[in-house]
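Me: I'd like to go through the charged side chains in this one with you. Could you take my questions as they come?

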Amino acid sequence: RLLGAVEGHVKTDLAVTDMITLANSFRASCNEATLEVDTLDGIVATYPDPLLNMDLSYVVVDPAEIERKVAWLLESP
């Protein structure tokens, strides 16, 4: 059900079989009691895309924000 919910909103180079392997690896330790959700704070910016020949919107995140969130992930039990 999760793949169907995020389809069209997530871009990855993981194969479906790789995603299933990851899910199975964390099945026992990742549940509703242990799952935490967070976001990266950033600003929305629009830039021209020469390949698509149109403007695209991006969320631009400060590298310091990324470092803080990575540290939080690595410190979490």
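Me: To start, where is Asp 49 found?
Reply: Asp 49 is found in strand β1, where helices (H or I, at least four residues) and strands (E, at least two) are DSSP runs numbered from the N terminus. Please keep in mind that this is a predicted model, in which local features need pLDDT of at least 70 and side-chain atom pairs count only at pLDDT 80 or more, while totals for chains, interfaces and linings use all residues. Residues are numbered from 1 along each chain as its sequence is written, and side-chain values use heavy atoms, with hydrogens and water left out.

Me: Is Asp 49 buried or exposed?
Reply: Asp 49 counts as buried, at 16% relative accessibility; buried means under 20% relative accessible area, exposed over 50%, and partly exposed in between, with a 1.4 Å probe and protein chains only.

Me: And what does the side chain of Asp 49 reach?
Reply: The side chain of Asp 49 reaches the backbone nitrogen of Leu 51 at 2.8 Å. Leaving out residues up to four places away in sequence, Asp 49 also touches Met 54, Leu 56 and Tyr 58, where contact means heavy atoms within 4.5 Å.

Me: Switching topic, how many salt bridges does the structure hold?
Reply: The structure holds three salt bridges, each being a side-chain nitrogen of Lys or Arg within 4 Å of a carboxyl oxygen of Asp or Glu.

Me: Which side chain meets Asp 38?
Reply: The side chain of Lys 69 meets Asp 38 in a salt bridge, at 3.3 Å from N to O. This pair links distant parts of the chain, since Asp 38 is in the loop between α2 (16–26) and β1 (43–49) and Lys 69 is in helix α3 (residues 63–75), 31 residues apart. Asp 38 is partly exposed, with a relative accessible area of 44%, whereas Lys 69 counts as buried at 17% relative accessibility.

Me: What about Glu 65, which residue forms a salt bridge with it at 2.8 Å?
Reply: That is Arg 68, with 2.8 Å between the closest N and O atoms, and both residues lie in helix α3, three residues apart, about one turn of the helix. Glu 65 is buried, with a relative accessible area of 6%. Lys 69 forms a salt bridge with Glu 65 too, its closest N and O atoms being 3.3 Å apart.

Key
Polar contact = N/O pair within 3.5 Å; in protein donor to acceptor, adjacent residues only side chain to side chain.
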